[in-house]
Each structure stands twice: as C-alpha cells, then as structure tokens.
Amino acid sequence: MALLNILRFPDPRLATVAKPVQAVDERIRTLVRDMAETMYAAPGIGLAATQVNVHEQVVVLDLSETKDDLQVFINPQIVAQSVETEVCEEGCLSVPGIYDQVERSMRVTVEALDLDGKKFKVEADGMLAVCLQHEIDHLQGTVFVEHLSRLKQTRIKTRLQKQAKAL
Ligand code: K1U
Ligand code: ZN
C-alpha cells in the first residue's frame, strides 16, 4: 500500500475532468487501496482520485465513527437529486484548514460500480449526500470553494499561498 500526495487548491490539476474507468481490474483495486490509506491517514472522510492526480472516476468514503466502513464508488453518476436544498459546513483535504457553508441538494440517487465491476444504486441523504456531491464535484474538476463568493475564493487562495510559503 502507498500514501499518495494530495493536490492543494489552487493547483490547476484539480480542475481536470476525470474519465470513466474502462475496466475494474487490479490496477483500479490497488488505486482504491492506496486512496483509502491516504484518506484514513489524512485524516478525512472522503477522497476523489482527482485529488491524488489520477483523472479517473473513483471515490472512496468512510463516514463511520470506527473507520471500518469503506464505501467505494467507481464511475459514480447522480441520476436523481432533490430540488430541496440544505446548507452544510464542508471541508476538503485539498483546502486544508478551510471550512465553509455550501448549499446542495438534500437527497441524491447515485449509480456506480463496485470493486467487482457490479452496478449498484444508493439513495443518499444527510452527510452521505453532502460527501457524494462534494466528491463527484472533484471528479468534474470543481473544488467546494468554487461554490463560495469570488471574494471568499480570493481570500482562501491568499491564505493557502501564505501557508505554502511558510512550509
Ligand atoms: O474531498 C475531500 O477532500 C474529503 C473531505 C470530505 C468532506 C467533508 C465534509 C463535507 C464534505 C466533504 C474531508 O474529509 S475534509 C476532513 C473532514 O471532514 C474530517 C476529518 C477528520 C475527521 C472528521 C472529518
Ligand atoms: Zn474535497
């Protein structure tokens, strides 16, 4: 297993649109294992392949307290979403130390492939709905701060650039 480097906003590679996975094979299963290790080590509750500079549609999540309930979504697609929205505080491993409120659909239905390449469907609400929308945004090249005002985005970029210089 390997710990992967997580790209930091505003790295332009975070804006890459991920391609669908063509075959769920050993290469993808190794990527999933490495992404899970990276997410647990960060620590985080989700990670999209885009964040580790792999531009294929792979997401891992673990929303459990005990960190033993890994969920894997390959080629995830939102096939239905509620018109009702809610505002939730979000963070992002690519934007360390920044948390802010984002408005998203309250419920989403997501179709994806599992590690055996089998199609499944999940109807999500609460934190699972928030995280799935956040991670699918990553696969489409969008970071959560891009849902915030231009002024906030500029402040966040300045703060992260200062942090990077101080390292
Ligand atoms: O995509 C990512 O960068 C992962 C992100 C997922 C996420 C969190 C909150 C709202 C939407 C999406 C994170 O995991 S940020 C870190 C975090 O939330 C966390 C870290 C340790 C313990 C509990 C939560
Ligand atoms: Zn994120």
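This is a predicted model: local features need pLDDT of at least 70, side-chain atom pairs count only at pLDDT 80 or more; totals for chains, interfaces and linings use all residues.

Which residue in E3 is the bridge partner of leucine 61? The bridge partner is glutamine 71.

- Five strands make up an open sheet, ordered E1-E2-E3-E6-E7, with antiparallel pairing.
- Strand E1 (46-48) and strand E7 (119-124) are the edge strands, each of them pairing on one side only.
- From one strand to the next, the twist averages 35°.
- Four bridges link strand E2 (residues 58-61) to strand E3 (residues 71-81) in the antiparallel sense.
- Within this pairing, valine 59 stands opposite phenylalanine 73 in E3, and leucine 61 is bridged to glutamine 71.
- E3 also runs antiparallel to E6, to which five bridges join it.
- Glutamine 81 has valine 108 in E6 as its bridge partner.

**Valine 79 in strand E3**

- Valine 79 belongs to strand E3.
- The relative accessibility of valine 79 is 43%, so this residue counts as partly exposed.
- Not counting residues up to four places away in sequence, valine 79 touches Thr109 and Glu111.
- Valine 79 and glutamate 123 are separated by 44 residues in sequence, and their C-alpha atoms lie 9.9 Å apart in space.

**Helix H1**

- Helix H1 (residues 26-41) lies across E1, E2 and E3 and runs at about 40° to E2.
- The buried residues of H1 are Ile28, Leu31, Val32, Asp34, Met35, Ala36, Thr38 and Met39.
- These buried residues pack against E1, E2 and E3.

**The nonpolar cores**

- The largest nonpolar core has 16 residues, of which Leu61, Phe73, Val110 and Leu132 touch the most other members.
- At least two residues of this core come from each of E2, strand E6 (108-113), E7 and H2.
- H2 gives the most to this core, supplying six residues.
- Leaving aside neighbours within four places in sequence, leucine 61 is in contact with Met39, Ile45, Gly46, Asp69, Leu70, Gln71, Phe73, Leu128, Cys131, Leu132 and Glu135.
- Another core, of 15 residues, lies apart from the largest one, and its members include Val24, Leu31, Met39 and Val52.

**The zinc site**

- Cys92 (SG), His134 (NE2) and His138 (NE2) coordinate the zinc ion (ligand 2) at 2.1 to 2.3 Å.
- Along the chain, the donors of this zinc ion follow the spacing C-x41-H-x3-H.
- Both histidine 134 and histidine 138 lie in helix H2 (residues 126-139), where they are four residues apart, about one turn of the helix.
- Histidine 134 and histidine 138 are both buried.

Note on methods: Residues are numbered from 1 along each chain as its sequence is written. Chains are lettered from A and ligands numbered from 1 in the order in which they are written. Side-chain values use heavy atoms; hydrogens and water are left out. Donors are N, O and S atoms within 2.8 Å of the metal (3.2 Å for Na, K and Ca); water is not among the atoms, so sites may look incomplete. Buried means under 20% relative accessible area, exposed over 50%, partly exposed in between (1.4 Å probe, protein chains only). Two strands pair if DSSP finds at least two bridges between them. Axes are lines fitted to C-alpha atoms, for helices over the stretch in contact, and angles run from 0 to 180 degrees between N-to-C directions. Contact means heavy atoms within 4.5 Å. A nonpolar core is a set of buried Ala, Val, Leu, Ile, Met, Phe, Trp, Tyr and Cys residues joined through side-chain atoms within 4.5 Å.
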